[in-house]
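Student: I am new to this structure and would like to learn how to read it. Please take me through the features one at a time.

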Amino acid sequence: MSEKEISEKMQDITKRMKNRREELNMSYQTLSEKVGISKSTLQRYETGYIKNMPVDKLEEIADALSVSPAYLMGWESSKPITMAAHLDGKDFTKEQWSRIESFAKFVKQEDTKQIP
């Protein structure tokens with residue numbers, strides 16, 4: 001991969017990071033605290049000033065942004081859908097969320113099958 005291609009790839013990664021952070025209304029400070037890096041380091045990653053982001057930091061940033069590292073890398077295009085659900089004022093359990101997510105995936109797959 002040429003230096004130009006690497007630079008373009010990093011720009012894509014940092015753009016996805018920034019867009020997702022802003023979608024979540026998350027500040028540099030909040031994200032940096034979640035990841036365990038300084039606010040200034042995070043800003044340098046996001047602006048592209050630091051060209052080589054360690055893989056472990058990419059994974060931690062992705063986790064803090066509730067996306068996969070593959071999404072940040074541009075290998076997959078789908079972002080998670082944020083769902084808020086309450087039952088009688090109580091949050092769902094992890095098991096219930098897992099079943100809800102499975103059902104949502106099922107519905108999506110069924111819809112794509114019905115496209116003529």
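Tutor: Begin with contacts, meaning heavy atoms within 4.5 Å. Among the contacts in the protein with a separation of 6 or more, 49% are accounted for by residues 24 or more positions apart. This is a predicted model, where local features need pLDDT of at least 70, side-chain atom pairs count only at pLDDT 80 or more, and totals for chains, interfaces and linings use all residues. Residues are numbered from 1 along each chain as its sequence is written, and side-chain values use heavy atoms, with hydrogens and water left out.

Student: How many helices and strands does the protein have?

Tutor: Helices (H or I, at least four residues) and strands (E, at least two) are DSSP runs, numbered from the N terminus. The protein has six helices and two strands. Their order from the N terminus is α-α-α-α-α-β-β-α.

Student: What percentage of the 116 residues is buried?

Tutor: Buried means under 20% relative accessible area, exposed over 50%, and partly exposed in between, with a 1.4 Å probe and protein chains only. In this protein, 25% of the 116 residues are buried.

Student: Where do the buried residues of α2 lie around its axis?

Tutor: The general idea comes first. An α-helix has 3.6 residues a turn, so residues three or four places apart point the same way. In α2 (28-35), the buried residues are Leu31, Ser32 and Val35. They line one face of α2 because they fall within an arc of 100 degrees, the arc being that of the directions from the helix axis to the C-beta atoms. Glu33 and Lys34, on the other side of α2, are exposed. After α2 comes Gly36, with a positive phi near 85 degrees.

Student: Which residues of α3 are buried?

Tutor: In α3, Thr41, Leu42, Tyr45 and Glu46 are buried. Their arc around the axis is only 135 degrees, so they are on the same side of α3. Gly48 follows α3 and has a positive phi, near 85 degrees.

Student: At what angle do the axes of α2 and α3 cross?

Tutor: Two packed helices are described by the angle between their axes and the distance between the axes. Axes are lines fitted to C-alpha atoms, for helices over the stretch in contact, and angles run from 0 to 180 degrees between N-to-C directions. The axes of α2 and α3 cross at roughly 105 degrees and come within 8 Å. That makes the two helices, α2 and α3, roughly perpendicular, a term for angles of 65 to 115 degrees. Tyr28, Gln29, Leu31 and Ser32 of α2 make the contact with Lys39, Leu42, Gln43 and Glu46 of α3.

Student: Which residues of the largest nonpolar core touch the most other members?

Tutor: In soluble globular proteins, nonpolar side chains tend to be buried together. A nonpolar core is a set of buried Ala, Val, Leu, Ile, Met, Phe, Trp, Tyr and Cys residues joined through side-chain atoms within 4.5 Å. The largest one has 19 residues, of which Ile13, Met17, Leu31, Met53, Ile61 and Leu72 touch the most other members. With four residues, α4 gives the most to this core.

Technical notes
Parallel < 35°, antiparallel > 145°, perpendicular 65-115°, else oblique.
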